[in-house]
Amino acid sequence: MEPAVQQEPAYVIHRRPWRESSLLVDLFTLNHGRMAVVARGATGARSPLKAQLQPFQPLLVDWRGRSDLKTLVQVDVRPAEPPTRTRALYSGLYINELLQRILPEADPHPQLFASYIEALQALAGLPADADVEPVLRVFERAFAQALGYDFAWDQATDTGELVQPNGHYGYDPAQGVISPDNPDALLRQLPGSALLALAAGDLTSGQARKTAKQVMRVLVDYLLQGRPLHSRSLFSHSVRSSGSKS
């Protein structure tokens, strides 16, 4: 008998057509991490699966199979309010793409799963004109921590010295905050005051938000190893269309 998993909490992070009438679905699950499953017959006229397997919708799923590619057996949809406003929606797609493109398969991260739920809830609750950046930065840091790339914002790893508010520093994804003259620095002139604010979890100032965005952009690009993120172009287009600046 094939091994089976039942009632596993999960979210759809990506899906695409597979063969004639099925879907290949990437799930982010609580206990099994990122998983690929086949939803057989999901595009058929009588199947409820296509409507059920939507991004941002909390699910309880059953699957079975011995290979890396499992077969979806059952889906139960749980009530939730997904992000629907344009910038919140595109931000959610960005988070999903991070998980789908970078997170190793079958590598459980329960804390990241909890952070993902918190990010979706925060995005769903934002007013239309609210800034999505703090939500994204908090999730990106949880994502970096899950992958082993977290670092101390208030200490230069190459010198061991504490960050000074009037100083300026560099950043390298493999080391974290470093001195600005370190040849490994991919970013330089990061304000010490902003780094200290981020160490305290304070994203209220524009300088702290800008610094966090610069650092996380470099880290994500490093983890992607040259692969593009399609959600970035969607998000940039929405910003230009609204006439605002992120």
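Here is a short tour of a predicted model, one selection at a time.

Stop 1: Colour the stretch by secondary structure: residues 7-77 are 58% strand and 6% helix.

**Stop 2: helices H5 and H6.** Next, select residues 192-199, which form helix H5, and residues 206-224, which form helix H6. How do their axes cross? They come within 9 Å and cross at roughly 85°. Angles from 65 to 115 degrees count as roughly perpendicular, so H5 is roughly perpendicular to H6.

Show the side chains where the two helices meet. On the H5 side, pick Ser193, Ala194, Leu195, Ala197 and Leu198; on the H6 side, pick Gln207, Ala208, Thr211 and Ala212. Which classes of residue make up this contact? There are 6 nonpolar residues and 3 polar ones, with no charged residues.

**Stop 3: Asp154.** Now move to Asp154, in the loop that runs between helix H4 (133-146) and strand S6 (168-172). Is Asp154 buried, exposed or partly exposed? Its relative accessibility is 33%, so Asp154 counts as partly exposed.

Look for its partners too: setting aside neighbours within four places in sequence, Asp154 is in contact with Leu162, Val163, Leu196 and Ala199.

Notes: Residues numbered from 1 in each chain as written. Predicted model: local features only at pLDDT ≥ 70, side-chain atom pairs only at ≥ 80, totals over all residues. Heavy atoms only, no water. Axes fitted to C-alpha atoms, helices over the stretch in contact; angles between N-to-C directions. Helix = DSSP H or I, 4+ residues; strand = E, 2+ residues; numbered from the N terminus. Parallel < 35°, antiparallel > 145°, perpendicular 65-115°, else oblique. Contact = heavy atoms within 4.5 Å. Nonpolar A, V, L, I, M, F, W, Y, C, P; charged D, E, K, R; others polar. Buried < 20%, exposed > 50% of the residue type's maximum accessible area, 1.4 Å probe, protein only.
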